[in-house]
Amino acid sequence: MTSQRPIRASTPALLKDLRSLKVLVMHPDDGDGRELTQQLTRIGCQVQAVWPPLPTLPEGVDAVFLAVRPGLDESTLAWARGEETPILVAVVTYENPTIVGLVLRLGAKAVLPSPVRSFGVLSALVLARKVAEDLKETSKHVNKLQAKLLSHRRIADAKSILMRTRGIGETEAYELIREQAMSRRRTTEEIALSIVNANEILTTGWSK
Amino acid sequence: MANVDPVKVGVLFSETGTTSTIGLSQLKGTLLAIEEVNEAGGINGRELVPVCLDPQSNPLVYTQLASRLILEEGVNVIFGCYMSSSRKAVVPVIEKWNKLLFYPTLYEGFEFSNNLIYTGAAPNQNSVQLAEFMTNHFGARIFLIGSDYIYPYESNRIMTDLVLQKSGAAKLGEHYVELAATEADFGPIMKEIRDQRPDFIFSTVVGNATASLYRAYAEAGFDPKTMPIASLTTSEAEVHQMGADVAEGHFTSAPYFQSIDSDANRRCLARFQRRFGSDCVPNQCWEAAYFQVHMFANAMREVGSDEIAELMPHVLTQEFNAPQGRVRIDPRNHHTCLYPRIGRANSEGQFTIVREAKRAVHPDPYLVTYSLGDWTAELDMLP
């Protein structure tokens, strides 16, 4: 019996660029901290170890492995809540609600349990990057959809204004908006917005 | 009072089952080294006593026997394992009891354990060199055949990444066969090869199925001069099984071949033949099994203990004049600095070495992206 697998795409990019990653290990210099630093070095990342946690991060850090323990001062970790934050992997010694809650608030994308073993570090790092990348893509997509939805609503509003005020059908109303957009070299959405705004001003005037 | 108690060590190689050919050679390589250690006065006067168990090429039995060696025989050190599945079956047991495993087999990389020493080649010590050689001499249109398990999948990923860096490269097929595959299983694949006409075939078939693949190739009437099989695992032992005439002209990348022209190698082969006759065929896994025992023994002579906490720092600084050259452990990743070589099977059932590294190449078991033309991949052409 032989089996033929579909010819697979070659190595995923998330694995290919592991060696260019700048990784910060914010962990006390104990057995776990050393195991983590050594394993990340074996994987080939550019590793820097620091403790206590830094209030601001050095330039260009891609990922942070952070010892999340009782007594960790969240106020020193403002960097974890910014827009363009590095990927965070939490290294935990407890999994009680206090610590898990802290892990969630910090926005960690993966967790490594203590005692840290070399096995699992690579998978945690790659998975955390994948989750972060997917989230970023998804929120970009959502923003785009929201903008598109808004634009559709504006055009619909403008159309109904034109239909009402000029007594024309929907197709003609849209044609009118489109012609205006063409001749003024603006988008249909911008024209629609002008119509809606103008109508609001007029409506306000009438109601006085 | 000097301690004269014997030192029991565990030996876990398959003497039966699908990977028994290499398993038996690793067992005998281990036993030869243990006898040499004892003839030289043992470990500071203490005799090394091997406890050999046969895991029958079965991962479940590997787990059971590793436990037995540790819990019933009381060993602190085990020499053993061939396929990755057997190593993965033993590692949890070794780690649980904090013992030490010496693993003398090439494998796919991406592993590190504080309880392991890896003495076979990592992919940066055999795959890169093979890809470079084969694509330069034959072309980059490749056809992949492997046994159906993790080592072939990962080796094929690496080989594909490497080969696809060349212009005109193509992957024309990728097939996986059962470990117990026979010549008939390779028939349809040979038909496909006839249609596809690759520049070379990359084989990661292991165990006793290797001979069937090469025989099926010969049956199909293909010519190794124009479309050879390139392998990381086809050693003198597999060549012996299939016959020199079937293997002739095909290529293998490995740190050790019997044909290495050195006194250390010739003397070791002569001692082996005197002790074990010529039934068992020395190969790269045999050599790693042999030299790792000497590295262990030298480390234990320095510290006087085989407890991992005391022994490991001494193991990590070991160097040894192995048959392949002077090897040493890389303390950062517990793998071994080795000498990549490319051999072409000849009519005597041996390999004519056509490329070899002058300096030992450091192991890099976590290398994801390989590039052709790395300095580590460059091998010196032999005159």
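**Stop 1: the salt bridges between the chains**

Show chain A and chain B together and look at where they meet; in this predicted model, two salt bridges are counted between chain B and chain A. One of them can be picked out by selecting A:Arg117 and B:Glu95: their side chains meet, with 2.5 Å from N to O. Next, colour the elements of chain B that face chain A. Helix H3 (84-96), helix H5 (150-163), strand S7 (170-177) and helix H6 (183-196) of chain B each supply at least two residues to the side that touches chain A. Which of these elements gives the most to that side? Select S7(B), which gives the most, with six residues.

Now colour this side of chain B by residue class. Twelve of its residues are charged, nine are nonpolar and six are polar.

**Stop 2: the whole contact**

Chain B contributes 27 residues to the contact and chain A contributes 21 residues. The size of an interface is often given as the accessible area lost when the parts come together. For chain B and chain A the buried area is about 2100 Å², and 45% of it is on carbon and sulfur atoms.

**Stop 3: chain B as a whole**

Chain B has twelve helices and 16 strands. Its radius of gyration is 20 Å, close to the 21 Å that the globule rule gives for 383 residues, so chain B is as compact as a globular protein of that length. Along the principal axes, the C-alpha atoms of chain B fill a box of roughly 75 × 40 × 40 Å. Of the 383 residues, 63% count as buried. Consider also the contacts in chain B between residues at least 6 apart in sequence: 71% of these join residues at least 24 apart.

**Stop 4: B:Ser25**

Stay in chain B and select helix H1 (residues 20-39), where B:Ser25 is found. Is B:Ser25 buried or exposed? Its relative accessibility is 1%, and the cut-off for buried is under 20%, so B:Ser25 counts as buried. Now show the surroundings of this residue. Leaving out residues up to four places away in sequence, B:Ser25 touches B:Cys280, B:Val281, B:Asn283 and B:Trp286. With B:Asn283 there is also a polar contact between the side chains, at 2.9 Å.

**Stop 5: two backbone angles in chain B**

Go to the loop between H1 and strand S2 (48-53) of chain B and select B:Asn44. This residue is not a glycine, yet its phi is positive, about 50°. B:Asn44 counts as partly exposed because its relative accessibility is 47%.

Then move to the loop between strand S4 (100-103) and strand S5 (116-118) of chain B, and select B:Phe110. Here too the residue is other than glycine and phi is positive, near 65°. B:Phe110 has a relative accessibility of 22% and therefore counts as partly exposed.

**Stop 6: chain A as a whole**

Six helices and six strands make up its count of elements. Follow the cartoon from the N terminus and the order is β-α-β-α-β-β-β-α-β-α-α-α. What is the radius of gyration of chain A, and what would a compact globule of 208 residues have? Chain A has 27 Å, whereas the compact globule would be near 17 Å.

The box around the C-alpha atoms of chain A is roughly 80 × 60 × 30 Å along the principal axes. Of the 208 residues of chain A, 34% count as buried. Among its contacts between residues at least 6 apart in sequence, 59% join residues at least 24 apart.

**Stop 7: two cis peptide bonds in chain A**

Select A:Trp51 and A:Pro52 and show the backbone between them. This peptide bond is cis, with omega near 5°. A:Pro52 lies in the loop between strand S3 (46-50) and strand S4 (63-68) of chain A.

Notes:
Residues are numbered from 1 along each chain as its sequence is written. Chains are lettered from A and ligands numbered from 1 in the order in which they are written. This is a predicted model: local features need pLDDT of at least 70, side-chain atom pairs count only at pLDDT 80 or more; totals for chains, interfaces and linings use all residues. Side-chain values use heavy atoms; hydrogens and water are left out. Helices (H or I, at least four residues) and strands (E, at least two) are DSSP runs, numbered from the N terminus. Buried means under 20% relative accessible area, exposed over 50%, partly exposed in between (1.4 Å probe, protein chains only). A polar contact is a pair of N or O atoms within 3.5 Å; within protein, one must be able to donate a hydrogen and the other to accept it, and residues adjacent in sequence count only if both atoms are side-chain atoms. Contact means heavy atoms within 4.5 Å. Buried area is the accessible area (1.4 Å probe) that two parts lose on being put together, summed over both. A salt bridge is a side-chain nitrogen of Lys or Arg within 4 Å of a carboxyl oxygen of Asp or Glu. Ala, Val, Leu, Ile, Met, Phe, Trp, Tyr, Cys and Pro count as nonpolar, Asp, Glu, Lys and Arg as charged, and the others, Gly among them, as polar. The radius of gyration is taken over C-alpha atoms; the globule rule is 2.2 Å times the number of residues to the power 0.38.
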